[in-house]
Structure formats: structure tokens, C-alpha cells
Amino acid sequence: MAAEWLLEAAVALTIGSVPGPTAARLSLAEYLKYSDGGDTRYELVAGELVPMALPTGRHGQIVDFLNTAFRVEIRRQELPWTSQPMAIGIQSPRGNRWDTVRIPDVVVLPLQQWQEMGSREALIRLEDPPPLLVVEVVSESSRAADYRAKRAEYCVLGIGEYWIVDPMEEKVSLLLLHEGWYDLLELKGSGRVPSKVFAGLELQAGEILAADLGYSGKATGS
């Protein structure tokens with residue numbers, strides 16, 4: 001119950017700080033069909049469209065680096081998973097009549113679950129199994145949501161591992177689900193991210209933030 005209460009409080013604060021572009025609220029079905037005719041992508045927060053700001057080059061490099069690292073490790077361990085960048089929506093478990101959908105920067109999920117989205121919208125609904133791992137790369141416009149609302153939402157969904165990569169604070173926050181809430185570990189510099197999902201993966205916080213696109217795969221088991 002504590003997690004659900006914190007979820008509502010965190011999302012309320014986030015919505016108050018990020019006004020939507022329109023006063024009209026959309027249902028989930030309307031959101032999935034919505035297009036403004038341009039390239040802007042939107043998350044849905046309590047029925048309101050919230051535009052996702054154009055990311056900086058560094059933001060994109062970090063996303064690309066982590067997605068590449070995860071895919072290399074998936075191949076190395078021959079895991080039945082996939083890693084997808086900025087391509088999958090996750091329906092929030094918020095309890096009011098208006099829906100919320102988040103679009104994480106990176107999502108790791110079973111390959112079969114991803115393949116089943118081939119003929120429908122790429123959305124993980126409340127009744128679907130949660131993804132294995134999600135990553136959010138912090139920007140000025142997303143800071144409140146990444147640290148507050150999304151942390152609470154992903155916790156209630158039962159997502160076992162959540163990474164928050166913050167280029168402005170030069171740190172990586174690893175959140176691991178334990179007894180219904182996230183344990184937090186903040187890492188900087190040479191601190192290795194002790195992932196549970198990718199237990200053999202050796203990635204340092206500074207390496208992630210530097211986003212060396214020459215990454216070819218390093219793991220304790222290799």
C-alpha cells in the first residue's frame with residue numbers, strides 16, 4: 001500500500017510541473033491512435049499528452065551505448081531476450097480513470113513478448129508480464145518524472161531492475177526491486193553497476209556516461 005500511495009504522490013507532483021500541450025484528456029485507445037502530423041513523440045500522463053523533448057546528442061549516445069552493450073551480452077549468453085531503444089510503451093498502474101503510458105529509453109524484455117507486438121502497438125499493458133529491465137537517461141525536462149513518478153510506477157509494476165543514467169549529475173542509479181520497493185545504489189566513476197539481470201556484465205558508471213560507441217562486449221564470464 002505504501003508503494004501505491006507514493007506512486008500517486010509522485011505522479012501528482014510530476015504532472016503539476018509538466019503541463020500538457022492541450023487541456024483535453026485522451027483515453028488509452030485515443031492515445032494509441034494519436035498523431036500530430038509531425039515527428040514529436042508523446043508520453044501519456046493521466047490522460048494528458050506530454051511531449052518528449054528532442055534529446056541531446058549525448059543522451060542518444062548513452063542510449064545507443066547501453067542498447068549495444070545489452071544486445072552483446074544477450075548474444076554472448078544466448079538469452080531469449082531483446083533490448084529495444086525508445087520503442088516500447090509501458091502502461092502505468094496508476095489507479096484513477098485516466099491512463100498513463102511511459103516510453104523508456106531502453107527496455108529489455110523476452111524476445112517472444114517483443115515478437116508478439118509485431119502485429120499490434122508496441123505497448124506492455126497492465127495484464128502483460130513486466131519487462132526485465134528499463135533505463136531512463138535524465139534530461140532537464142524529464143528529471144522529476146525519472147526520479148519520482150517513474151520510480152514509483154515501475155516499482156508497482158514489478159519491474160525488477162531500473163537504471164537512471166544522469167549525465168548532469170554524472171552518476172548512474174541502480175534500483176533493484178526488493179520486498180515491494182526499490183533498493184537504491186548510486187555509482188560514479190569507476191563504480192561497477194552490479195546488474196542482477198545481466199549478472200556477468202562489467203560496466204562502470206563512467207564508461208556508461210562516456211558512451212564509448214566502440215564497445216565490443218566485456219563480461220566476467222568471457
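User: Leaving aside neighbours within four places in sequence, what is Thr-100 in contact with?
Analyst: This is a predicted model. In it, Thr-100 is in contact with Leu-44, Val-45, Ala-46, Ile-90, Gln-91, Ser-92, Arg-94 and Glu-153, leaving aside its neighbours within four places in sequence.

User: Where is Thr-100 placed?
Analyst: Thr-100 is in the loop between strand 4 (89–91) and strand 5 (101–102).

User: Does it count as buried or exposed, and why?
Analyst: Thr-100 counts as buried, because its relative accessibility is 1% and the cut-off for buried is under 20%.

User: Which backbone atom lies 2.8 Å from a polar atom of the Thr-100 side chain?
Analyst: That is the backbone nitrogen of Ala-46. Ala-46 is also in the turn of a hairpin formed by strand 1 and strand 2, and has a positive phi of about 50°. Two residues lie between the two strands.

User: How do strand 1 and strand 2 run, and how many bridges join them?
Analyst: They run antiparallel, and four bridges join strand 1 to strand 2 (residues 48–51). Within that pairing, Glu-43 stands opposite Val-50 in strand 2.

User: Which way do the residues of strand 1 point?
Analyst: In strand 1 (residues 42–45), Tyr-42 and Leu-44 point one way, while Glu-43 and Val-45 point the other way. All of them are buried. As a rule, side chains in a regular strand alternate between the two faces of the sheet.

User: Changing topic. What is the strand order in the open sheet?
Analyst: The order is 3-6-8-9-10-11, six strands with mixed pairing. Strand 3 (81–85) and strand 11 (181–187) are the edge strands, each pairing on one side only. From one strand to the next, the twist averages 15°.

User: Strand 8 and strand 9: parallel or antiparallel?
Analyst: Parallel, with four bridges joining them. Val-135 has Trp-163 in strand 9 as its bridge partner.

User: Which strands does helix 3 touch when it packs on the sheet?
Analyst: Helix 3 touches strand 3, strand 6, strand 8 and strand 9, and its direction makes about 170° with that of strand 3. Helix 5 (residues 143–157) packs on the sheet too, touching strand 8, strand 9, strand 10 and strand 11. The direction of helix 5 makes about 175° with that of strand 9.

User: And strand 10 with strand 11, how many bridges?
Analyst: Seven bridges join strand 10 to strand 11, and the two run antiparallel. Leu-175 stands opposite Leu-184 in strand 11. Strand 10 and strand 11 form a hairpin with two residues between them, and Glu-179 in its turn has a positive phi of about 50°.

User: Back to helix 3. What span should it have?
Analyst: At 1.5 Å a residue, the 21 residues of helix 3 should span 30 Å. The end C-alpha atoms of helix 3 are 30 Å apart, so the model agrees with that expectation.

User: Which residues of helix 3 are buried?
Analyst: They are His-59, Ile-62, Val-63, Phe-65, Leu-66, Asn-67, Ala-69, Phe-70, Val-72, Glu-73 and Ile-74. These buried residues pack against strand 3, strand 6, strand 8, strand 9 and helix 6.

User: What follows helix 3?
Analyst: Glu-78 follows helix 3, with a positive phi near 55°.

User: Which members of the largest nonpolar core touch the most other members?
Analyst: Leu-66, Phe-70, Val-135, Trp-163, Val-165 and Ile-208 do, in a core of 27 residues. At least two residues of this core come from each of helix 3 (57–77), strand 6 (106–110), strand 8 (133–137), strand 9 (161–166), strand 10 (171–178) and helix 6 (205–210). Helix 3 gives the most, with seven residues.

User: What does Phe-70 contact, again leaving aside neighbours within four places?
Analyst: Phe-70 is in contact with Ser-83, Val-106, Val-108, Leu-133, Val-135, Trp-163, Phe-198 and Leu-201.

User: Last one, Pro-110. Which strand does it lie in?
Analyst: Pro-110 lies in strand 6 and is partly exposed, at 27% relative accessible area. Leaving aside neighbours within four places in sequence, Pro-110 is in contact with Pro-80, Trp-81, Thr-82 and Leu-132.

How values were computed: Residues are numbered from 1 along each chain as its sequence is written. This is a predicted model: local features need pLDDT of at least 70, side-chain atom pairs count only at pLDDT 80 or more; totals for chains, interfaces and linings use all residues. Side-chain values use heavy atoms; hydrogens and water are left out. A nonpolar core is a set of buried Ala, Val, Leu, Ile, Met, Phe, Trp, Tyr and Cys residues joined through side-chain atoms within 4.5 Å. Buried means under 20% relative accessible area, exposed over 50%, partly exposed in between (1.4 Å probe, protein chains only). Contact means heavy atoms within 4.5 Å. A polar contact is a pair of N or O atoms within 3.5 Å; within protein, one must be able to donate a hydrogen and the other to accept it, and residues adjacent in sequence count only if both atoms are side-chain atoms. Two strands pair if DSSP finds at least two bridges between them. Axes are lines fitted to C-alpha atoms, for helices over the stretch in contact, and angles run from 0 to 180 degrees between N-to-C directions. The expected span of a helix is 1.5 Å times one less than its number of residues.
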